[in-house]
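Morning, everyone. Please have a look at the structure on the screen, and I will walk you through it.

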Amino acid sequence: MAEKLGVYICSGCDIGKALDMAPLLEAVTKGKLAGICPVVKQNPVLCSPDAIAEIEADIAANGLDGVVVCACSPRVKWDIFKFGQGVQVERVNLREQCVWSFREDEKVPGLLPLMAKDYIKMGVMKLSKSRIPAPEFPETFKTIMVLGGGMTGLTAALEAAKLGKDVVLVEKAATLGGKAATMYKTFPMSHPYLKAEDTGVDALIAEVTSNAKIKVLTSAEFVSLEGAPGLYSATINAGGEQKFDIGAVVLATGWVPGDTSFLAPMGYGSIKNVVTAAEFEAMAKAGSIVRPSDGKAPASVAFLTDVSLCKVAEAEEPCETPAAAPAEGEEAPAYPDKENAKHLAYSSELTSLVALKQAGYVREKLGDALAFVLYDHMMVPGINERYYKSAQDDAGIMLSKATITKVTEDADGGVIVAAKDTLLGADVEIKADLVVLPTAIVPVTAHEPTMNLQYRQGPGFPDLELFDGFVDSNYVCFPYETRRTGVYAAGCVRQPMTMATAKEDAAGAVLKAVQCIGSANRGMAVHPRSGDISFPVFNFQRCTQCKRCTEECPFGALDDDEKGTPKPNPTRCRRCGTCMGACPERVISFDNYNVDQIGSMIKEVYVPDDMVAGGPRVIVLVCENDAYPALDMAAFRGKSWSPFVRFVPVRCLGSVNAIWVADAVSKGVDGVIMLGCKYGPDYQCHFVKGSELCSRRKTNIAESLGRLGVEAERVEQYEVSIDEYDKIPGIIERFMTEVITKFGPNPFKGY
Amino acid sequence: MSNTVRVQPDLKFVQELQQVGGESLKKCYQCATCSVVCPLSPPDGPYPRKEMVWAQWGLKDKLVNDIDIWLCHNCGTCSDLCPRGAKPGDLLAALRNMAYRSLAKPAIIGTWMSSSKGFPLLMLIPAAIYMLIWILRAGVLGTAFPLFITDGHGLKVAADGVIIFGGLFPGDYFIDPIFGAVFVFMVLAFAGGIATMLKGFEGMPKTFIVGRGKEPSFLCCLIETLKVEVAQHSRFQNCGNEEKDVQRFTGHLFVFYAFIALMIVTSVVAVGHWFGAFFLQHIMGLEGGLAGLIAWAGHTPMPLWSPVKLLANAGAVALIYGLMKLTSRRTALDSAKSTSNWYDWYLLTVIWGIALTGIGSEIFRLVGQKMLAYPTYYLHLIFVFMMLAYLPWSKLGHVVYRTVALAYARKIGRLPMGEI
């Protein structure tokens, strides 16, 4: 607990112009906080070297263990206000949240000094309730396990070995190479990016098998993964079960070709000379491209990448197969299959490139045969545009946008493709000797849990139906991240991608695995709170074994024993505090972030007894990840809002404990806003489930308030993404008019 | 469905198009910038975007019967602004080249005309004909480089005479019958070509124009076209307004009117000689008066002050000026944007040949340099023959094909009647 604090108020950047310093200093020196604040000062430019030197001198002279910097946002100059390991720093955001965004209220003028005082006192209180965490430093295993021996897995193994790590490479099949080994050629991977080239997988296999740091296990069944990052025990059956000590895992189990029944509307299965790209590739690899009907070389091949006909099937398909109630003694289907027609669409980039590549095979292997490519989108992002151009330059490769309307068989075995919306200017029919339909890339995780994690929350990754089986939890911000710390996905199991991308992906995931092992070793979070040394502490004496924390942790960090007592695994934890928000008994806390601390901060807000004279008060619990920066941006761009709101930053809305809302309301606060990330299928929550859990808990809180005679509407949650700074004044304005004006003062006010 | 079209891609046709000037056609990715920036393209079914994709797919039927290739005046704006360097302007030029090559019969001339390889052969034909005449006449006259004095109605070789081209290459027995035959041959070839072209256009959709009564007659459209497009070059003028466009427009206008002037001169000579001197004086036995004037007007060589000679010389100067404009524009073309093909160079070469040898002949004749004058005149005859005899298969064929196509485009409503 920080007990000797230095409080420094900066008067630079408009702060001094808007605020009189003396009363602000007095707010600390003449109150209950005076005892823990031996140094209280102001400075014209607190970030100047002179001021920093002065603070450092004060720390040395007074033995300060905490510094409250009342200046700009904590998101700026964080590298300047650092005073060594033993000194905690709290930033009070006077610039962005008070001065720059202050809007005078006509009825209650002159609130700015009051607001600044509130924030300063909140900052001091917050720091006084904060300890420096002392994490354990487990001795971690450094070995990286790579699951899958295809292009991605092989590359990952080599990359990890290059970084000096020992690697265990696990391949289910008898030989290495994966899908790459079944392909004739792949898209260009090097300058000038014009011609399909050999996959190079054989050379890669040779390199891997001859590398002393890589242990290769083929025909290997991955039985289970127990423990936590840095401390895993993997069980593998490769002619007998073996256990391996593992630090982190790269998941590169790749993909399987999609179910061809989705292609039935395009003639697959009913027309002999309609094949899939996977089958066509196999023919090319085997050496001769022939028509299945008569074994003759086709004179024309049509590649259809528009799959809109198959979308009919998608609409008919139920979103989720309702699992039949399991009969007594029979196990429920452990892993609902996640494949559907959408995988064709997800694979668009690949199906475009594959069509171009295979059109090239036609030109290469079949003399003067023609290749037609009828596409909905020609998706060739980045450098692959060059490949598209070079394919297009071949006079025998003819391309048009088209919506395929019908695929029928001609009497002579040819296939007639009817299409509309083509570039040719009419509804057209094209006859081809052979038609090739795209092959969907379906991640293996759509069909099976794959990881066999011995976690309380189950063997696989949760909520993969949101991604139709692709193992990814936040692809926009955190590639490779899965919902299980320590397991990093790369390659087509994560997202359909080219081999060139898969190689880079492998390298990226390996770096993440290395970071994970290193962070675990230093007692730090890997991400998104990289370097955070705090961790949840459980007061087991008061735990009622309700299991909410173990069930709600988005990352499965908590296991439990038979009775339901949570068993923390600090290296799995991402320090979001969702467990703390979940706990009804408030037994979970972080040294530097806890229920009492935030509750005490809220209590520092001055709430006038008379709402008409003093104005209402609203507490805004702000997610640090997106909403808080959005507030800063709004202030920076000259937005302003009601002077009656007070912002309280939280790690994630998932960490919001109901007691904070209850405390605020009982203190007379007129409303509580939770401002956090978007949730639902397209969530932007850094901790995946935090804002969603908060919204669910909010409903319960509002109901409880209702029972006390407080309107449920006084507690509201809003979603805001980092770029929606312009929405913030509107959100606050709406709450102030629709809720506060409408319902009037909190009935508990004054008690 | 009734309006579903079976597409028959033709790889050979794509490759042929690439050979005759459309080599970049595969680079098009159908953004339609070309159709948007074209100052002439009609809003309904605009060119050249659709021609690009038809060409990529080798849709021969669509392209050989496409009237729009004649609507284009090849300003090159589309090619300049094409983000892929696909040169749509060049493709339309290539399609016109293909039309020159295949519309008129015999097709073998089209083949010879399609590349520089055929040039020596095409030149050899008139060169041989006129060399034969030269050798025969040299035998008769006793010299290959004769000087003449007038002897009554005839000419006599004399050492102190003057150069008279008609003395060495007599018009009555050699020049005029040969060119007459060539002219008939050309007209017949064009007639066949026009018939083929119009048959192809039958498939073109007719544009329904609100407020327009019945379809105008072809003659009416032809007159309109001659008045607006040919005489005034009005669409040509609308075809871009950058410096190079102005250069091209001016050059073309000068060359066009120079040819008109030279055509008038040729007509005067022909009428004077065959109608005045031959028919009126020789056959009818009329002397003096109008018959004398007509015969005199067409009598060559003319005195330099003759209005006909003045017109001829003015035409020659205009021709040279126009040619310089056109040639300098063409040599300054950015090859990344648009390129010149053999058809372009063939025509420029032949017209330059006609202009320079024509002027050369006159100058060498006037200064009495018989050793230069006769060979130069010989070359002049070759170039004129090449222009006339091969006209339906050369780029100059557009004089006829484009005129007919534009008239037809008016008839079916693809182009509006009246000024543009």
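Let me start with a term. Two strands pair if DSSP finds at least two bridges between them. Now apply that to chain B. This is a predicted model. In chain B, strand S2 (residues 148-151) and strand S3 (residues 154-157) pair over four bridges, in the antiparallel sense.

Strands of a sheet pair through backbone hydrogen bonds, either parallel or antiparallel. For the parallel kind, go to chain A. There we have an open sheet of five strands, in the order S7-S6-S5-S11-S22, with parallel pairing. Which strands sit at the edges? They are strand S7 (214-217) and strand S22 (487-489) of chain A, and each pairs on one side only. On average, neighbouring strands of this sheet are turned by 20° against each other, direction ignored.

Zoom in on one pair. Strand S5 (residues 144-147) and strand S6 (residues 167-170) of chain A pair in the parallel sense, over four bridges. A:Ile144 has its bridge partner in S6(A), namely A:Val167. A helix packs on this sheet: H6 (residues 151-162) of chain A. H6 of chain A touches S5, S6, S7 and strand S11 (248-251). Its direction makes about 165° with that of S5(A).

Next, where the chains meet. 17 residues of chain A are in contact with 19 residues of chain B. On the chain A side, helix H12 (384-393), strand S16 (397-401) and strand S19 (428-432) give two or more residues each. The largest share is three residues, from S19(A). By class, this side of chain A has nine nonpolar, four polar and four charged residues. S19(A) pairs with strand S1 (residues 5-7) of chain B in the parallel sense, over three bridges. Look for A:Ile430, which stands opposite B:Val7 in S1(B).

Now the domains of chain B. Chain B is divided into domain 1 (11-102) and domain 2 (113-411). Their centres are 30 Å apart, taken over C-alpha atoms. 27 residues of domain 1 are in contact with 30 residues of domain 2. Which helix supplies the largest share of the domain 1 side? That is H7(B), with nine residues. This side of domain 1 divides into 12 nonpolar, nine polar and six charged residues.

Last stop: two helices in chain B. Two packed helices are described by the angle between their axes and the distance between the axes. Here, helix H11 (residues 171-201) and helix H18 (residues 370-389) of chain B pack at about 25°, with their axes 9 Å apart. What do we call that arrangement? Angles under 35 degrees count as roughly parallel, so H11(B) and H18(B) are roughly parallel to each other. From H11(B), the contact uses B:Phe179, B:Val182, B:Phe183, B:Phe185 and B:Met186. From H18(B) come B:Phe385, B:Leu388 and B:Ala389. By class, that contact has eight nonpolar, no polar and no charged residues.

Methods
Residues are numbered from 1 along each chain as its sequence is written. Chains are lettered from A and ligands numbered from 1 in the order in which they are written. This is a predicted model: local features need pLDDT of at least 70, side-chain atom pairs count only at pLDDT 80 or more; totals for chains, interfaces and linings use all residues. Axes are lines fitted to C-alpha atoms, for helices over the stretch in contact, and angles run from 0 to 180 degrees between N-to-C directions. Angles under 35 degrees count as roughly parallel, over 145 as roughly antiparallel, 65 to 115 as roughly perpendicular and the rest as oblique. Two residues are in contact if their C-beta atoms, placed from the backbone, lie within 7 Å. Ala, Val, Leu, Ile, Met, Phe, Trp, Tyr, Cys and Pro count as nonpolar, Asp, Glu, Lys and Arg as charged, and the others, Gly among them, as polar. Domain bounds come from an automatic or database domain assignment.
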